[in-house]
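User: Could you walk me through this structure with a few questions and answers? I am new to this.

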Amino acid sequence: MTPEQAAGAARPTVLKLGSAFIECPRTLRRARQMGISGWAFLVTGRGAVLGDVRTETVAAAIGILSPEAVSDGWEMAVRVATPSAVAEVSRAECCRWGIDYLAKFPPVGRMIELIEPVVVAADATGMPLFAAWRGMPVPADAAPGARAAVLLHLLFEYYSGASLMALRAAGMTAMEIILAGPEGESGAIAYGWSPPYPPVGPLVRRRLWAESVTDRIVAQAFGVLDAAERVELVSLLGAALTGARMSPPHPD
């Protein structure tokens, strides 16, 4: 398995595992306790690590959400909490999710061993969210499940940053790449993009090209693993996703 093949095979799993904590009911409950709505946390849970910046900066860094929707969420959240406070809660909830859903995954230690060098080797150029999250230290005494969740979120931000580069290279907007994907118009609405929408047909081929470019960018980091390790990591990620889906909700 080449680095590019590994990046492509891992992509859908990483995008699900690495963002699962943000939509977790317990995370959203914690956000509401802070006075932050689910949508506002979707924005600030990722963007708060950038610090006290303007909404335009957050919208540009996240990229996939409409600027108007980012502005609404960001401004709502920063009225009740500082970005640094939200970033700390986001990291804590990521760790908590990992303990709840990954701690009982038997090979979690091996998965960490394989993901960590990939995250360390990743080139953060042009990826402010990935760079900022990677710069936040993980507690030295973090449990394996928590550490795995943080690494998965870092991979999620790495893929997300690469995807933004690729869609721009393809001459596409964020709205267009969502429309050309499996969620179509419902996905565009969920990410804050309002109709009217352009025809989807001409966009599909460009989306596929953008996805291949994303994998090519991410492949640079997967190159630190040998072929057997890449196969093993892809397999472990798939098993971790299955295990996380089967884990019962943590009782409150």
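Analyst: Let's begin with a definition: the expected span of a helix is 1.5 Å times one less than its number of residues. Helices (H or I, at least four residues) and strands (E, at least two) are DSSP runs, numbered from the N terminus. This is a predicted model, in which local features need pLDDT of at least 70 and side-chain atom pairs count only at pLDDT 80 or more, while totals for chains, interfaces and linings use all residues. Residues are numbered from 1 along each chain as its sequence is written, and side-chain values use heavy atoms, leaving out hydrogens and water.

User: How far apart are the end C-alpha atoms of helix α12?

Analyst: Helix α12 covers residues 201-222, which makes 22 residues. At 1.5 Å a residue it should span 32 Å, and the computed distance between its end C-alpha atoms agrees: 33 Å.

User: Are the rings of Trp97 and Tyr101 stacked or tilted?

Analyst: Rings of Phe, Tyr and Trp (its six-membered ring) pair if their centres lie within 6.5 Å; planes under 30 degrees apart count as stacked, over 60 as edge-to-face and the rest as tilted. Here the centres are 5.4 Å apart and the planes meet at 25°, so the pair is stacked.

User: Is Trp97 buried or exposed?

Analyst: Buried means under 20% relative accessible area, exposed over 50%, and partly exposed in between (1.4 Å probe, protein chains only). Trp97 has 5% relative accessibility, so Trp97 counts as buried.

User: Which helix holds both Trp97 and Tyr101?

Analyst: The two residues are four apart, about one turn of the helix. Both lie in residues 83-101, helix α6.
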